[in-house]
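Student: I have a model open and would like to go through it with you. Could we take it one question at a time?

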Amino acid sequence: MVDKLKIIASLRARLVEDRFFHSLNVAQMAKELAAIYGEDEEKAYYAGLVHDCTKNTAPEKQLEIMEQGGLQLTDLEQNSPKLWHAMSGSIFMQSAYEITDPAMVSAVRYHTTGKAAMSLLEKIIYIADFTSAERDYPGVEQMRHFAHTDLDKAVFEGAAFTVKKLQQSGLPVHPDTLAAKDYYQSSECGMRISEL
Ligand code: DGI
Ligand code: FE
Ligand code: FE
């Protein structure tokens, strides 16, 4: 892995100011959640730090990165440029920062949509992104409470919030986002469909 200060300097140059500070805050929150849930704090910190590394990268450049990384976009993904930075970021972090740990790469890859049956690190990054220090949407205190006490409940609330927002603005909901909502909704009752 590339040196911490070099990664931070690179992010400062690549990202607009608010996004840079958001990244530092997500890293911090991810580390905090890792300590609570028994995940590797270093992995959580660095995955959080780089999770939005291509957020301010030109769309054409992101398409190029995804193509070089061998990622094939579905029609819905092609029509949803906001989803691209999670995919292009998961490829960019490997070449630019030499962060190739599959668990960290996957946490960045799924940080926007989430998915069913996420790993602990995937859930931590997904939720750190919703609860970082600068977030101030209505309900953020409730989300922070769930983040610290019931991570699966937080994932469900996050996915439900996203689905609602997307539907209100008429944007297509990615199947992984819907799967995250469904999966963690059933986990709320302490059971899975497969266990019924
Ligand atoms: O990058 P951040 O702003 O920190 O947060 P994020 O990576 O969760 O990105 C949020 C954006 O992604 C927001 O504009 C909504 C969009 N998004 C999230 N899930 C979906 C989605 N867009 C579509 N079309 N479909 C989704 O399922
Ligand atoms: Fe993001
Ligand atoms: Fe983010």
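Student: Which residues does glutamine 94 touch, not counting residues up to four places away in sequence?
Tutor: Happy to start there, and note that this is a predicted model, where local features need pLDDT of at least 70, side-chain atom pairs count only at pLDDT 80 or more, and totals for chains, interfaces and linings use all residues. Residues are numbered from 1 along each chain as its sequence is written, chains are lettered from A and ligands numbered from 1 in the order in which they are written, and side-chain values use heavy atoms, with hydrogens and water left out. Glutamine 94 lies in helix α6, helices being DSSP runs of H or I with at least four residues, numbered from the N terminus. With contact meaning heavy atoms within 4.5 Å, the residues that glutamine 94 touches are Ile99, Thr100 and Val105.

Student: Is glutamine 94 buried, partly exposed or exposed, and why?
Tutor: Buried means under 20% relative accessible area, exposed over 50%, and partly exposed in between, with a 1.4 Å probe and protein chains only. Glutamine 94 has 30% relative accessibility, so it counts as partly exposed.

Student: Where does α6 bend?
Tutor: The bend at a residue is the angle between axes fitted to the seven residues ending there and the seven starting there. In α6 this angle is about 25°, and the place is serine 90.

Student: What is the phi of glutamate 98?
Tutor: Glutamate 98 sits in the loop between α6 and α7, and at 48% relative accessibility it counts as partly exposed. Its phi is positive in a residue other than glycine, with a value near 55°.

Student: And what is the phi of alanine 117?
Tutor: Alanine 117 is in the loop between α7 and α8. At 44% relative accessibility, alanine 117 counts as partly exposed. Although alanine 117 is not a glycine, it has a positive phi of about 50°.

Student: What is the angle between the ring planes of phenylalanine 92 and tyrosine 97?
Tutor: Rings of Phe, Tyr and Trp (its six-membered ring) pair if their centres lie within 6.5 Å; planes under 30 degrees apart count as stacked, over 60 as edge-to-face and the rest as tilted. By this rule there are seven aromatic pairs. Phenylalanine 92 and tyrosine 97 form an edge-to-face one, at 5.8 Å centre to centre and with planes at 85°.

Student: Which residues have the most contacts inside the largest nonpolar core?
Tutor: A nonpolar core is a set of buried Ala, Val, Leu, Ile, Met, Phe, Trp, Tyr and Cys residues joined through side-chain atoms within 4.5 Å. Tyrosine 97 counts as buried because its relative accessibility is 2%, and among the residues it touches are Ile7, Val50 and Phe92. The largest core has 50 residues, and those with the most contacts inside it are Ile7, Leu49, Val50, Tyr97 and Ile127.

Student: Which residues are the protein donors of the iron ion (ligand 2)?
Tutor: Donors are N, O and S atoms within 2.8 Å of the metal (3.2 Å for Na, K and Ca); water is not among the atoms, so sites may look incomplete. The donors lie 2.1 to 2.2 Å from the iron ion (ligand 2), and they are Asp52 (OD), His85 (NE2) and His111 (NE2).

Student: Which residue coordinates both iron ions?
Tutor: The iron ion (ligand 3) has His22 (NE2), His51 (NE2), Asp52 (OD) and Asp129 (OD) around it at 2.2 to 2.3 Å. The iron ions (ligand 2 and ligand 3) are 3.5 Å apart, and the residue that coordinates both is aspartate 52.

Technical notes. Helices (H or I, at least four residues) and strands (E, at least two) are DSSP runs, numbered from the N terminus.
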